[in-house]
Amino acid sequence: MPIQNINRRSLLCSGAATTAALAVSPSVFGDSAVPSYLKDYAALYKKDPRAAALQYFKEAKFGLFIHYGLYSLLGRGEWVQLQGKIPVREYAKLENDFTAKNFDADFITDMALEAGMKYVNITTRHHDSFCLFESKYTDFTSTNSPAKRDLVAELAEECRKKGLGFYLYYSHGRDWRHPHAPNNGDWGGNARPKYDSPEPFYKYGEDQDLQIYVEFMKNQITELLTNYGPVGGIWLDGVATPASRKGKLHLFETQELYDHIHSLQPQVLVSYKQGLIGTEDFKAPERHFKGTSDVPLEFCDTLQPWKWGYDKSLDGKHKTADQVMEMLSKANKMDANLLLNVGPLPDGSIHPEDVKTLAEVGRKLKA
């Protein structure tokens, strides 16, 4: 079983500080600069960057998903704040214990390559609103935690060096912290935790302004597309919230956001799970999808039995290499990619069961 070399982390920390210089928008690196993951599609990229990115994505077949955040510290899955009705300020105290001391982007990307994966997708900000990147628009970030690290920057740099596609998960429709994010009732029943009494952190009624939240998301996605180099795709989540009120869907300004994303980096693909407004570049439904798609398709599934974020109660029950091969076979029959998720341990290291399984998957694929 590979051993994570934690000594490399100190090098990554110093390297992350220089990533901003490497991470520039297309207007700076120019049309002639081909992102490393698209080097085999250079001719097409120079004609049509998004067509090149789509062709790459359709041929990639296998990617690594990473769900990591404050919820990992509790070891009860990524929905623990909602399911446990943990008050916002109480949940925020977890930031004081977030060290990510064994999060090793070098190891993670090597593991992905050895498993036969072609791209990596990380939860830059999940429903709890904690960010794994530096942001001017919130202080609820990994860089303000004891970790003092921009994990998105570290992973972006390793993907760039190794020619892996770099995709970014971002919770769009659902936010359990931002005062002006969608509330329960107006936007379905699971927009936020169902607290026994009103959460004082939230705005209600006339005091709530959804447009403040919409602008917040646009600003953060702009940061992600200007500070971390070429990005393969923006993977939006929380689709059930905006979809719950079709008559008010326009308030999210979703198409305007898509156009903004493509203006910042024309090769970037946009997904919103199984689709929200129908103009997404690819669909990314969860494991049970049985329909068809007129755009490229990607299934996301887990190495834990069902949870995405780390759940300690599932130790010893993670999926085997044979089960992963069955997932890949199913995806292949539907002409889809498999985005396979790992939920790192509280310290950021990859679960030993998953390391072993992915190494075996890589050997099977090579054979």
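Q: Is G229 buried or exposed?
A: G229 is buried in this predicted model. The relative accessible area of G229 is 4%, and buried means under 20%.

Q: Where does G229 lie?
A: G229 is in the loop between α10 and β4.

Q: What separates the C-alpha atoms of G229 and A153?
A: A distance of 9.1 Å. Along the chain, G229 and A153 are 76 residues apart.

Q: Back to α10. Which strands does that helix lie across?
A: Helix α10, residues 210-226, lies across β2, β3 (165-171) and β4 (233-237). The helix runs at about 165° to β3.

Q: And α12, which strands does it lie across?
A: Helix α12 (residues 254-264) lies across β4 and β5, with an angle of about 150° to β5.

Q: OK, the sheet. What order do the strands have?
A: The order is β5-β4-β3-β2-β1-β7-β6. This is an open sheet of seven strands, with parallel pairing.

Q: Which are the edge strands?
A: β5 (269-272) and β6 (297-302). Each of these pairs on one side only.

Q: What does the twist average?
A: From one strand to the next, the twist averages 25°.

Q: How many bridges join β1 to β2?
A: Four, between β1 (residues 62-66) and β2 (residues 119-125). The two strands run parallel.

Q: And how many join β1 to β7?
A: Five bridges, and β1 and β7 also run parallel.

Q: What stands opposite F65 in β2, and what in β7?
A: In β2, N121 stands opposite F65. In β7, N341 stands opposite F65.

Q: What about β6 and β7, how many bridges there?
A: Six bridges join β6 to β7, which run parallel. C300 stands opposite L339 in β7.

Q: Which helix makes a β-α-β unit with β6 and β7?
A: Helix α13, residues 321-333. The unit β6, α13, β7 is right-handed.

Q: Why is β7 largely enclosed by the rest of the structure?
A: Seven of the seven residues of β7 (residues 336-342) are buried, so the strand is largely enclosed.

Q: Which β7 residues point which way?
A: A336, L338, L340 and V342 point one way from β7. N337, L339 and N341 point the other way. All of them are buried.

Q: So what do we have for N341?
A: N341 is one of the buried residues of β7, and F65 stands opposite N341.

Notes
Residues numbered from 1 in each chain as written. Predicted model: local features only at pLDDT ≥ 70, side-chain atom pairs only at ≥ 80, totals over all residues. Heavy atoms only, no water. Pairing = 2+ DSSP bridges. Axes fitted to C-alpha atoms, helices over the stretch in contact; angles between N-to-C directions. Contact = heavy atoms within 4.5 Å. Buried < 20%, exposed > 50% of the residue type's maximum accessible area, 1.4 Å probe, protein only. Right-handed = clockwise from strand over helix to strand, strands pointing away.
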